[in-house]
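Here is a brisk report on one protein chain.

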Amino acid sequence: SHRSCCKAQHRLSRPVPVHRLIVPQIMKVAGRNKRFAAIDRAISRNGLKFVTLLRLSPLLPLAFSNYLYGLTSVELGPYVLGSWLGMLPGTYAYVAAGETDVLSCCV
């Protein structure tokens with residue numbers, strides 16, 4: 001439902017600002033790493049694109065990617081919009097499967 005989608009999106013947006021406040025030491029260490037600095041620059045320039053594409057990929061767990069984005073300089077707006085767009089196809093698939101009772105044949 002629309003309400004649960006909004007709740008999920010709210011829970012998703014919490015780690016970025018909270019993580020930035022709680023763990024500034026990790027950000028200092030990560031900022032000195034050349035590889036991380038290059039990734040951070042790329043994500044900050046194309047935040048919406050990176051977040052959307054990584055949310056579509058099943059290879060990167062959501063919890064790990066949330067902490068990754070918390071370490072980067074991705075803005076909150078592109079993070080939330082990219083997360084919503086990237087998770088929309090999977091959400092639709094779950095809803096469609098439940099609505100049509102596709103999985104009942106396996107039980």
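## Overall make-up

The chain has seven helices and zero strands. Helices (H or I, at least four residues) and strands (E, at least two) are DSSP runs, numbered from the N terminus. Read from the N terminus, the order of elements is α-α-α-α-α-α-α.

This is a predicted model: local features need pLDDT of at least 70, side-chain atom pairs count only at pLDDT 80 or more, and totals for chains, interfaces and linings use all residues. Residues are numbered from 1 along each chain as its sequence is written, and side-chain values use heavy atoms, with hydrogens and water left out.

## Burial and contacts

Of the chain's 107 residues, 28% count as buried. Buried means under 20% relative accessible area, exposed over 50%, and partly exposed in between (1.4 Å probe, protein chains only).

Contact means heavy atoms within 4.5 Å. Take the contacts in the chain with a separation of 6 or more: 78% of them are between residues 24 or more positions apart.

Helix 5 covers residues 47–56, and its buried residues are G47, V51, T52 and R55. Seen down the helix axis, they fall within an arc of 120 degrees, so they line one face of helix 5. The arc is that of the directions from the helix axis to the C-beta atoms. An α-helix has 3.6 residues a turn, so residues three or four places apart point the same way. On the face of helix 5 turned away from the buried side sit the exposed residues K49 and L53.

G47 belongs to helix 5. Its relative accessibility is 7%, so G47 counts as buried. Neighbours within four places in sequence aside, G47 is in contact with V74 and P78. G47 and E75 are 28 residues apart in sequence, yet their C-alpha atoms are 7.2 Å apart in space.

T52 is also placed in helix 5. At 17% relative accessibility, T52 counts as buried. Setting aside neighbours within four places in sequence, T52 is in contact with G82, L85 and G86.

## Helix 5 against helix 6

The axes of helix 5 and helix 6 come within 11 Å and cross at roughly 165 degrees. That makes the two helices roughly antiparallel. Axes are lines fitted to C-alpha atoms, for helices over the stretch in contact, and angles run from 0 to 180 degrees between N-to-C directions. Angles under 35 degrees count as roughly parallel, over 145 as roughly antiparallel, 65 to 115 as roughly perpendicular and the rest as oblique.

Helix 5 passes helix 6 in a right-handed crossing. A crossing is left-handed if the near helix is turned anticlockwise from the far one by less than a right angle, and right-handed if clockwise. From helix 5, F50, V51, L54 and R55 meet L62, S65, N66 and Y69 in helix 6. N66 lies in helix 6. N66 counts as buried at 11% relative accessibility.

## The aromatic pair

Rings of Phe, Tyr and Trp (its six-membered ring) pair if their centres lie within 6.5 Å; planes under 30 degrees apart count as stacked, over 60 as edge-to-face and the rest as tilted. By this rule there is one aromatic pair. The rings of Y69 and Y79 have centres 5.5 Å apart and planes at 65 degrees, so the pair is edge-to-face. The pair links distant parts of the chain: Y69 is in helix 6 (residues 62–71) and Y79 in helix 7 (residues 76–100), 10 residues apart.

Y69 is buried, with a relative accessible area of 0%. Y79 is buried too, at 1%.
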